[in-house]
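Take a look at the structure first, then walk through the points below.

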Amino acid sequence: DTRLERLMLDNDARAQGKENYTSLNDCMNFLKRLYQQRTTEPYATMLEIMEGQTLRTKIPSKLSTDIVVANKTGELDIAENDIGLVLTKDNPFALVVLTQNFTNTEAIRSAIGDVALSASTLK
């Protein structure tokens with residue numbers, strides 16, 4: 001379902017209505033493959049890059065700082081997204097949150113953190 005129609009920050013293409021799209025299933029399939037092949041290249045490098053994500057306002061925002069999160073955020077004026085692996089010791093999991101057409105950015109980011117926190121308590 002993923003379609004790449006423009007390069008990042010290509011405002012001319014964006015003005016022409018070209019946009020990039022993905023789906024929950026595509027993101028979850030990517031995260032599953034990343035986790036299953038995390039010790040082989042290029043997945044080990046991708047995981048390391050995602051673990052270095054410095055924007056911590058969504059999935060990792062309400063988790064304990066000792067939990068490793070490998071995530072990739074995405075933001076547009078109408079979208080707040082975050083996908084990632086929450087690498088708890090006992091129960092690692094993948095999480096995909098894709099949103100659009102919201103009115104309160106901070107509330108959406110907080111809600112994504114709440115979802116991650118709730119998921120981290122499930123066994």
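Ile49 is exposed, with a relative accessible area of 59%; buried means under 20%, exposed over 50% and partly exposed in between, using a 1.4 Å probe and protein chains only. Please keep in mind that this is a predicted model, in which local features need pLDDT of at least 70, side-chain atom pairs count only at pLDDT 80 or more, and totals for chains, interfaces and linings use all residues. Residues are numbered from 1 along each chain as its sequence is written, and side-chain values use heavy atoms, with hydrogens and water left out.

**Helices H2 and H3**

- Helix H2 covers residues 24–36 and helix H3 covers residues 43–51; helices (H or I, at least four residues) and strands (E, at least two) are DSSP runs, numbered from the N terminus.
- H2 and H3 pack at an angle of about 110 degrees, with their axes 9 Å apart. Axes here are lines fitted to C-alpha atoms, for helices over the stretch in contact, and angles run from 0 to 180 degrees between N-to-C directions.
- That angle makes H2 roughly perpendicular to H3, a label for 65 to 115 degrees (under 35 is roughly parallel, over 145 roughly antiparallel, and the rest oblique).
- On the H2 side, Phe30, Leu31, Arg33 and Leu34 meet Tyr43, Met46, Leu47 and Met50 of H3, where contact means heavy atoms within 4.5 Å.
- The residues of this contact comprise 7 nonpolar, no polar and 1 charged. Ala, Val, Leu, Ile, Met, Phe, Trp, Tyr, Cys and Pro count as nonpolar, Asp, Glu, Lys and Arg as charged, and the others, Gly among them, as polar.

**Nonpolar cores**

- The largest nonpolar core has 12 residues, including Ile59, Leu63, Val69, Phe93 and Ile112. Such a core is a set of buried Ala, Val, Leu, Ile, Met, Phe, Trp, Tyr and Cys residues joined through side-chain atoms within 4.5 Å.
- Strand S3 (93–98) and helix H4 (105–120) each supply at least two residues of this core, and H4 gives the most, with 4 residues.
- Leaving aside its neighbours within four places in sequence, Val69 is in contact with Met50, Glu51, Arg56, Ile59, Pro60, Leu63 and Leu85.
- A second, separate core of 10 residues includes Cys27, Tyr43, Ile83 and Leu85.

**Backbone features in the loops**

- Most residues other than glycine have a negative phi, and most peptide bonds are trans.
- The peptide bond from Glu41 to Pro42 is cis, with omega near 5 degrees, and Pro42 is found in the loop between H2 and H3.
- Asn101 has a positive phi of about 55 degrees although it is not a glycine. This residue is in the loop between S3 and H4, and at 59% relative accessibility Asn101 counts as exposed.

**Surface residues and distances**

- Ile49 and Ser61 are 12 residues apart in sequence and 18 Å apart in space, C-alpha to C-alpha.
- Asp114 has its place in helix H4 and counts as partly exposed, at 36% relative accessibility.
- Leu4 lies in the segment before helix H1 (11–15) and is exposed, with a relative accessible area of 73%. Leu4 and Tyr21, 17 residues apart along the chain, have C-alpha atoms separated by 6.6 Å.
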